[in-house]
Amino acid sequence: MSEVRSKDGTAIAYERSGNGPALILVDGALCSRAFGPSPKLAPLLAQHFTVYAYDRRGRGQSADTQPYAPAREVEDIAAIIEAAGGSAALLGLSSGGALALEAAASGLSVSKAVAYEPPYVDDSGQRGGAAYEGHLQRLIAAGQRGEAVKYFMRDMVGAPAFVIVMMRLMPWIWRKLEAVAHTLPYDAAVMTAFRIPRARLAAIGVPTLVMNGSKTDPRLRDAARTIVDAIPGARYRELEGQTHNVKPDILTPAVVEFLG
C-alpha cells in the first residue's frame, strides 16, 4: 500500500499494479480497493495498464477531512494522477463514473475517461433527489448507519427490494456497508441530486466512453445515452447481458479496446 497527500492534506491510500499506460479506478458508493469490483477488476486490467486502485476519502485506509465537497475528491484524483507520472486515464463505475467525468471536466491531466452507468436516476427532478440527500444526512448524523444504507439503495438509487433483503441476509457484507455509510452523502453530492449536469459534461474535452448493460434498469440506460449526447464526441456502448453489477471479465475487454 502507498499513499499520497491530497491538496487539503488528506492521506489517500492506493495500490499500483501492472505495466503500461496509467489507469485510475474510481469506485462507486460503499466500495473500496478491497471491497467491490476493484479486487477482481484491477488484476485483469493490470495485464494491459499500470492500474491505480485507491480508497476514496473516508473509506478503507484513506483518511478524511471535513467539510466535505466533491471538489476535494477531484483533488484526490489529481494527487493520484501526479503519483502516476502526471497523466492517466480514468475508469469510474456507478457514482464513481460521475466522479470520473467531473474530474475530466475539471481540466485534470486525464488522457481518456470511461464511465459505467453513472446512476442519474432522477433526471426529471420528480423523485426529489435534493430532499432525499438531506434525509440521508440526518440518518447518518443520528448514527443510523444501516437505515442510511437501506435508504440510499432503495429510495435514492431505486435498487429492487430483494437486493437489499439479500444483502441484509449476509451479515459479513452488511457490516462492511455500514462501516462506510458515513460516505454515502459524499456520493449523493457527487451525483448532483441524481440529475445529469449537462452543462458541466459539455466541458469535457478528452475522449470519453459511456457504457451500460443491456439488462440494467432502463433509467440507467437512458442516463448513459443522455450523458453521451452532452459530452462532445463521446462514444456509447452497451454490454450485452450485463446489469449494474457488471462482470469484470466482460467490462475489461471494452475498456482495453477504447483505451488501447
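**Close-up views of a predicted model**

**View 1. Helices around the largest pocket.** Helices α1 (38-45), α5 (145-157), α6 (161-168), α7 (171-179) and α10 (218-230) each give at least two residues to the lining of the largest pocket. Helices (H or I, at least four residues) and strands (E, at least two) are DSSP runs, numbered from the N terminus. A pocket is an open set of points on a 1 Å grid over the protein atoms alone, with protein on both sides within 12 Å along at least five of seven lines, and lining residues have an atom within 4 Å of a point. This is a predicted model, where local features need pLDDT of at least 70 and side-chain atom pairs count only at pLDDT 80 or more, while totals for chains, interfaces and linings use all residues. Residues are numbered from 1 along each chain as its sequence is written, and side-chain values use heavy atoms, leaving out hydrogens and water.

**View 2. Inside the largest pocket.** The volume here is about 1,300 Å³, counted as the space filled by probe spheres set on grid points joined across faces, edges and corners. Of the 40 lining residues, Met153, Val163, Met167, His244 and Asn245 are the closest to the centre. Which helix supplies the largest share of the lining? Helix α6 does, with four residues. By class, the lining has 26 nonpolar, nine polar and five charged residues. Here Ala, Val, Leu, Ile, Met, Phe, Trp, Tyr, Cys and Pro count as nonpolar, Asp, Glu, Lys and Arg as charged, and the others, Gly among them, as polar.

**View 3. The largest nonpolar core.** Look for Ile24, Tyr54 and Phe152, which have the most contacts inside this core of 66 residues. A nonpolar core is a set of buried Ala, Val, Leu, Ile, Met, Phe, Trp, Tyr and Cys residues joined through side-chain atoms within 4.5 Å. Buried means under 20% relative accessible area, exposed over 50%, and partly exposed in between (1.4 Å probe, protein chains only). Beyond its neighbours within four places in sequence, Ile24 is in contact (heavy atoms within 4.5 Å) with residues including Tyr52, Tyr54, Ile77 and Leu91.

**View 4. A covered helix.** How many of the 11 residues of α3 (residues 95-105) are buried? The count is 10, and among them are Ser95, Gly96, Leu99 and Ala105. Just after α3, Gly107 has a positive phi of about 85 degrees.

Definitions and conventions:
On a 1 Å grid over the protein atoms alone, a cavity is a set of points where a 1.4 Å probe fits but cannot get out, and a pocket is an open set with protein on both sides within 12 Å along at least five of seven lines; lining residues have an atom within 4 Å of a point.
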